Structures are given as C-alpha cells and as structure tokens.
Amino acid sequence: MRVVVNTPAGNIGRVVTDRLLSAGQAVTVISRHRDKVSSFIERGAHWVPGSIDDPVVLDDAFKDADALFWLTPFAFDQPDYLNWARRAGRDAASAAQRHGVKRVVLISSVGAQHASGVGPIACLPAIEAAFNAAVADVTCLRAGTFMENFFNNVGSIAASNCIFGPHPAARTVPFVATRDIAHKAAEVVLDSSARGHRILGVHGPEDLDHTQAARIIGEGIGRPVKYVEVTVDQAKDGMSQAGMPRFAVDLLADMYTGFREGRMTQAEPRTRDTTSPTSLLEFSRLVLRPMVEAASAGQRR
C-alpha cells in the first residue's frame, strides 16, 4: 500500500511516517525542505518537494496512492488562514478523488462540530466535508487538547512555578499526547476493515481541568506548579508581546473564547476506543521535566 503523508516533519506526521515505514508500507512525503525528511528518504520514502497548498504538488504526490494522512497545520505565514486551510483541504480532497485514493485519515479536533467561534478549528468542518464527499472511506480523528501545548509554559514554570492561561480553571478537557494521536492514525491507515465515513475521538486517558493538570505537572517535574487563570485580553497582550502575528493572535483568542463558552468540548463521548494511554503524569516526567530543568538552568546563568 502506498500512503501519502502531508506533514511528515510535524509532531504527529513524523510518528505516523515512522510507523508506516516500519510496517513495510510505501510512503510518499510532501515537504518543502529535504533536510526535514532526509531520514525518511534514506529509509525508502518517496519525497515530493513543495507545499501542501499547491495543486501541482498534490497531483504529483497522489499518483498511485492508496491512502492519505492529512493534517492541516497552523500556518503563521497565512494571514487569511481559515480560507487558506479550507482551500488546501478541498484541493487535496479533489486530488484524492482524481487519483482514486481509497482511504483518508484526517486529523481533526474537538470543537470541529462548529464552523465559527473556535479559532483555527473553524476550518475543519469544511475539510471533513470535502473529504467525505470525495472518498468512500474517511476517518476523522477529533483529537483533544495536546499535552505539548504546555511547552509554551516551560519558561513561566521555570521562573515562577506557574502556568498562566485563559482556559477556565475548573472546566475539564481531554488532554492527549500527540504520539498517541499518531499511533491511532497509523493504526487506522493500516486497518483494512475501516470502512465508510467515521468520526473517532482521541481523548487521552482522562479529562482534567487546568488546576488538576498543573498539580499533576508539578508532581511529574518534582516541584509544585499552580495554574493562574488570565483573561482572553491578557492572553492576547502576551501573544502580541511575544511577536505573534496579529491574525494568529485573533484566531487563538477566538479559540480561547470558545473554550470559555463551551464550544471547544468534545462532541464524541469518551469510550474505551477513544481513550489513549499516555498520562499527563508520564508526559510530565519524560518530556516536560527535562525541558523545565534546562530552562531553569538557563535562567540561573
């Protein structure tokens, strides 16, 4: 089976590509930069250079493809992000239909049941619909909140043992490690029994509020950590001061408002099938702890 991966250098796509190559599948990777996928090329992956928003690149990549892994990245160089993302998804769905791609695994998100009021997630309903209209077997993996989002808080944890964020402190969300999303995606790609149009949640092992999450992170890194809720406007100021483009600040603020108003909740119930294994405690011990320790050491210099 030949599988196209459109984001082979990302946190999720990199693991998917590795899993598929290890399973003996033929893999085509799309990337603008050879150095980011050179290890996969050395293992036999076919590299198509270019951007995922270029229909010519998509036509080249999708030739003789049986399956497609598609993830829409948050592109900081696209001021008209929502329209760019929808157009890229629709072009990919059309190319998949033209080339007879039989199976698509699409990374979606909690909140994707809404086409507005959820920031960058608002592009996903149109992309889900485009693939469903073009390909017979499509699985949309609506993933929970990435544990990797706490990377943005490493500096404040190191400096003050605090996580600052605009999420409601007491509202629970499903936290999930991106490696678990990737393993689920690869599993579905390789599952020949997957048929029809399906929406599956990927919810991590448990729902947690941010106060609980901070406590668990503290346990994992060996120091107490407190969650400090800030307003959306304060979050916008912080993102702007960090140099984030204005369109990205506005989109993320819209998503944070969606969290606060209940639109970023999972529409899919938690089941045994949607529950993935990596706990926030394990993630904190193995991933966050060395990052915080390195940041603390840097601040002491």
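Predicted model: local features only at pLDDT ≥ 70, side-chain atom pairs only at ≥ 80, totals over all residues.
Local features need pLDDT of at least 70 and side-chain atom pairs count only at pLDDT 80 or more, while totals for chains, interfaces and linings use all residues. Residues are numbered from 1 along each chain as its sequence is written, and side-chain values use heavy atoms, with hydrogens and water left out.

**Exercise 1.** Work out how helices α4 and α5 pack and which residues meet.

*Solution.* Start with the geometry. Two packed helices are described by the angle between their axes and the distance between the axes. Helices here are DSSP runs of H or I with at least four residues, and strands are runs of E with at least two, numbered from the N terminus. For α4 (residues 81–98) and α5 (residues 124–134), the angle is about 10 degrees and the axes are 9 Å apart. Axes are lines fitted to C-alpha atoms over the stretch in contact, with angles from 0 to 180 degrees between N-to-C directions. The two helices α4 and α5 are therefore roughly parallel (angles under 35 degrees).

Next, list the contacts (heavy atoms within 4.5 Å). A85, R86, G89, R90, A92, A93 and Q97 of α4 meet A126, I127, A130, F131, A133 and A134 of α5. By class, this contact has 9 nonpolar, 2 polar and 2 charged residues; Ala, Val, Leu, Ile, Met, Phe, Trp, Tyr, Cys and Pro count as nonpolar, Asp, Glu, Lys and Arg as charged, and the others, Gly among them, as polar.

**Exercise 2.** Classify the aromatic pair formed by Y81 and W84.

*Solution.* Rings of Phe, Tyr and Trp (its six-membered ring) pair if their centres lie within 6.5 Å; planes under 30 degrees apart are stacked, over 60 edge-to-face and the rest tilted. The whole structure holds 6 aromatic pairs. For Y81 and W84, the centres are 5.9 Å apart with 35 degrees between the planes, giving a tilted pair. Y81 and W84 are 3 residues apart in α4, so about one helical turn separates them.

**Exercise 3.** Describe the largest cavity and its lining.

*Solution.* On a 1 Å grid over the protein atoms alone, a cavity is a set of points where a 1.4 Å probe fits but cannot get out, and lining residues have an atom within 4 Å of a point. The search finds 1 cavity of 30 Å³ or more. The largest cavity holds about 50 Å³, the space filled by probe spheres set on the points. R171, T172, V173, F259, G262, M264, T265 and Q266 line this cavity, dividing into 3 nonpolar, 4 polar and 1 charged.

Key: Parallel < 35°, antiparallel > 145°, perpendicular 65-115°, else oblique. 1 Å grid on protein atoms, 1.4 Å probe; cavity = no way out; pocket = protein on both sides within 12 Å on 5 of 7 lines; lining within 4 Å.
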